[in-house]
Amino acid sequence: MNPVYEEQVQALDFIDVSKDILRSARNELYLNMRFLDVALSSLAFFPEQEIRISGTDGKFLYFQPDALVTLFRKGRPSVNHQYLHSIIHCLFCHLWQRKGRDGEYWNLASDIAAEHVIDGLYMKAVHLPKSSLRREIYRMLEQENKVVTAERVYRYLCRLPLQKEQLDTWKREFRVDDHRHWEQEDDKKSPSPQQKKWDDIRDKMQTEMETFSKEASDDTRSLEEQVCASNRKRYDYKEFLRKFSVLKEEMQVDMDSFDYIFYNYGMNLYGNMPLIEPLETKEVQKIEDFVIVVDTSMSCKGELIRHFLEETYSVLSESEGFFRKIHVHILQCDDKVQEDVLVTNKQEMQDYMEHFTVRGFGGTDFRPAFIRVQELMQRRCFTKLRGLIYFTDGYGTFPVKKPPYETAFVFMKDDYRDVDVPPWAIKLIIDTQEFEEEMEIQKGIGTNAAGGWK
């Protein structure tokens, strides 16, 4: 028989055996965690000789047949663990969320987060002995974060930073699958179809875990926390603030609605008389009467307050953000109103930001700010109050009655537990660490193995 033909037949046999191994792992994982049913069946198997054991791109599970058979000889839990590791990368979209971060640190952070979830499952089907190094790393991360996500692990790694030898040791400890098929395009503005698919799978999985699945108990608490963290909506604060603007007309030429074709046709037909001219008014989104309240109690950090105001100012100071005459009251309040500053134009807003000082550091009570706004309304200080945004990171006493204007509470929180607010209030929860990371990126701060965030 032709030796080349024999080699090809043997290779095909290894591929078939490897696919059987993966199907067996998928079935065993399903029997132990039925809420993973859609996720487990979402990857098609595809052989690849260059890959290290296995890896995924969100659509295929690539595997190296020889390496996979070798891993299977160590026991079924090893293959189950390998399979589940790639599934978790997909569920939490590690493949698509590098977003300009250092690649080496992001890969390590993603592996640590995935392994932390699996090691927290306490299931025989995926259980592998934990080394002392791994237990110590988990201990440090859990002290730092209530929920160990890849983003938070990445920030932790950036703050260390690790020496080259230590970094290599951590990579060897947590590396399970191959990341060569992960998305490397950091400038994509919209999620890929594969990412959207896995977002939908994760949303359905959370519903299954919370309502129907009896397996979702303390044994799967780490996975459930990660799912809740990933499913929590990521808000663009600037877009949120624009919802409080009003649509009005201003005297200015609206070139967007101007039709050059009819204008040119009229000029050619009648000499100097166009059929259509630009509109002399334009509809624009403006912030007119508004109140911003910042919580200056002991629990609020001055830097976070300043950055919140800078974000607010960046929206208000956009080219179409102000009317010629505005009334924006900025209140600093802990358990009483410490300061009330009226801003009526861009220059006053800029001067306030340049000389901003935090005042207060007492307890937290939301009611005094609403009482002050009610007094301002009674004195007719507003033409039409559009709304109030209250920036806080703590729990306080809410007013009993609904005010006659829209109210939003912006909470800075490190965990993913919900915050109870009155039914008449809008609630926005922003991750404190993500907010601080954005501050550091804007200031050019942050250190890692590559010499800074990319």
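# A tour of the predicted model

Colour the 454 residues by burial, and 49% of them come out as buried. Now show the surface. The accessible surface of the protein chain comes to about 23,600 Å². Carbon and sulfur atoms account for 50% of that area.

Next, think about contacts along the chain. Take those between residues at least 6 apart in sequence: 70% of them join residues at least 24 apart.

**Stop 1: helix α5**

Select residues 103-119, which form helix α5. How far apart are its end C-alpha atoms? They are 24 Å apart. At 1.5 Å a residue, its 17 residues should span 24 Å, so the two values agree. Is α5 mostly enclosed or open? Of its 17 residues, 15 are buried, so the helix is largely enclosed by the rest of the structure.

**Stop 2**

In soluble globular proteins, nonpolar side chains tend to be buried together. Here, the largest nonpolar core has 62 residues. Its largest share, nine residues, comes from α5. Select L36, Y83, L84, I87, L91, W198 and L223, the residues with the most contacts inside this core.

Zoom in on L84. Which residues does L84 touch, leaving aside its neighbours within four places in sequence? They are L29, M33, L36, I118, L121 and V126.

Another core lies apart from the largest one. This other core has 24 residues, and L241, I330, M353 and F391 are among them.

**Stop 3: aromatic rings**

Now display the aromatic side chains. The structure holds 16 aromatic pairs. A pair of aromatic rings is described by the distance of the centres and the angle of the planes. F45 lies in strand β1 (residues 44-47) and Y83 in helix α4 (residues 76-91), so the pair ties together parts that are 38 residues apart in sequence. Both F45 and Y83 are buried.

Move on to a cluster. Select F366, F370, Y390, F398, F409, F411 and W424, which ring pairs link together.

**Stop 4: a charge over a ring**

Finish at R101 and Y154. Where does R101 lie relative to the ring of Y154? R101 lies over the face of that ring, at 5.6 Å from the ring centre.

Definitions and conventions:
Residues numbered from 1 in each chain as written. Predicted model: local features only at pLDDT ≥ 70, side-chain atom pairs only at ≥ 80, totals over all residues. Heavy atoms only, no water. Phe/Tyr/Trp six-rings, centres within 6.5 Å; stacked < 30°, edge-to-face > 60°. Helix = DSSP H or I, 4+ residues; strand = E, 2+ residues; numbered from the N terminus. Buried < 20%, exposed > 50% of the residue type's maximum accessible area, 1.4 Å probe, protein only. Lys NZ or Arg CZ within 6 Å of the ring centre and 35° of its normal. Expected span 1.5 Å × (residues − 1). Contact = heavy atoms within 4.5 Å. Areas by Shrake-Rupley, 256 points an atom, 1.4 Å probe, with all protein chains shown as cover. Core = buried A, V, L, I, M, F, W, Y, C linked by side-chain atoms within 4.5 Å.
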